[in-house]
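Q: Could you take me through this model step by step? I would like to start with the overall picture and then go into the details.

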Amino acid sequence: MIIKKATNSDLNDVLRIETEAFGHSKESNLVNDLLNDDSAKPRLSLLAMDDDGAVGHILFTRVRITGNEDALSAMILAPLAILPSAQGKGVGGELIREGLRQLSESKVHLVFVLGHPGYYPRFGFRPAGVHGFDAPYPIPAKDAAAWMVQELKPGTIGSFSGRIICADTLNKPEHWRE
Ligand SMILES: CC(C)(COP(=O)(O)OP(=O)(O)OC[C@H]1O[C@@H](n2cnc3c(N)ncnc32)[C@H](O)[C@@H]1OP(=O)(O)O)[C@@H](O)C(=O)NCCC(=O)NCCS
């Protein structure tokens, strides 16, 4: 398994993985829009490759935190997609870990995700709301555990708080409903 940065020439693979993993084109369209959205920069777009080609994709895009725009560098993981035939083999985990490693090298302080609370905590994510980080749109109480954060710079959580503002593409209510 190799993980590489996705380039423009990988766009077809990226969009195909998103469509097949989710079974519809919503996330594929979202990724395409984010890759063309200047407010999403800096981005980190990674592809997992096995012997048969690309099998997984992960995208991180920039977010801002109200009141701390200049003090904090933060990103959001959205989306993560693995081809159905490659799921359950650790590919998602490898993409998350490598992404976090590269973001840490880039001096990112915080990474957010809205995702499965049974999956992401094993990679270091924990509930964000209770630590004072509000999602762009209110998350219903029953889904509060799905809104998560992790610090790549120790001491960030507890020292800062605020509302997260995503790239224009992601900062729309339809992406924050169930
Ligand atoms: C969810 C997904 C990214 C996980 O990637 P993966 O490579 O299959 O997962 P890994 O092999 O790294 O990890 C497997 C573990 O994740 C768990 N897992 C997979 N999907 C899960 C889900 N929807 N909710 C909770 N846990 C999940 C598995 O139960 C397994 O747990 P175990 O190790 O305790 O047996 C992948 O299955 C996928 O692309 N699914 C469709 C798209 C999607 O839902 N993306 C996530 C958006 S937040």
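Q: To begin, how does the radius of gyration of the protein chain agree with that of a compact globule?
A: A compact globule of 178 residues would have a radius of gyration near 16 Å, and the protein chain has 15 Å, which agrees. The radius is taken over C-alpha atoms, and the globule rule is 2.2 Å times the number of residues to the power 0.38. Along the principal axes, the C-alpha atoms fill a box of roughly 45 × 30 × 30 Å.

Q: What kind of model is it, and how are residues numbered?
A: This is a predicted model, in which local features need pLDDT of at least 70 and side-chain atom pairs count only at pLDDT 80 or more, while totals for chains, interfaces and linings use all residues. Residues are numbered from 1 along each chain as its sequence is written.

Q: How many helices and strands are there?
A: The protein chain has 3 helices and 9 strands. Both are DSSP runs numbered from the N terminus: helices are H or I with at least four residues, and strands are E with at least two. Along the sequence, the pattern is β-α-α-β-β-β-α-β-β-β-β-β.

Q: Which strands does β2 join?
A: β2 (44–50) is joined to strand β1 (residues 2–5) by 4 bridges, and the two run antiparallel. Within that pair, K5 has L46 as its bridge partner. Another 7 bridges join β2 to β3, again antiparallel, and A48 stands opposite G56 there. Pairing here requires that DSSP finds at least two bridges between two strands. β2 and β3 form a hairpin with 2 residues between them.

Q: Is β2 enclosed or exposed?
A: β2 is largely enclosed by the rest of the structure, because 5 of its 7 residues are buried. A residue is buried if 20 or more other C-beta atoms lie within 10 Å of its own, exposed if 12 or fewer, and partly exposed in between, with C-beta atoms placed from the backbone. In the protein chain, 37% of the 178 residues count as buried.

Q: And what pairs with β9?
A: β3 is joined to strand β9 (residues 162–165) by 2 antiparallel bridges, with R64 opposite I165. Strand β7 (residues 133–134) also pairs with β9, in the parallel sense, over 2 bridges. In this pairing, F133 stands opposite G162.

Q: Changing topic, which residues touch the most others in the largest nonpolar core?
A: The core has 52 residues, and I76, V111, F112 and V113 touch the most other members. Its largest share, 8 residues, comes from β4. A nonpolar core is a set of buried Ala, Val, Leu, Ile, Met, Phe, Trp, Tyr and Cys residues joined through C-beta atoms within 7 Å. In soluble globular proteins, nonpolar side chains tend to be buried together.

Q: What does V113 touch?
A: Leaving out residues up to four places away in sequence, V113 touches I76, L77, A78, Y120, F125 and M148. Two residues are in contact if their C-beta atoms, placed from the backbone, lie within 7 Å.

Q: Which residues come nearest to the ligand?
A: Q87, G92, G93, G115 and H116 come nearest, out of 17 residues around the ligand. A residue is near a molecule if its C-beta atom, placed from the backbone, lies within 6 Å of it. β4 gives the most to this shell, with 4 residues.

Q: How does the shell divide by residue type?
A: It divides into 8 nonpolar, 8 polar and 1 charged. Here Ala, Val, Leu, Ile, Met, Phe, Trp, Tyr, Cys and Pro count as nonpolar, Asp, Glu, Lys and Arg as charged, and the others, Gly among them, as polar.
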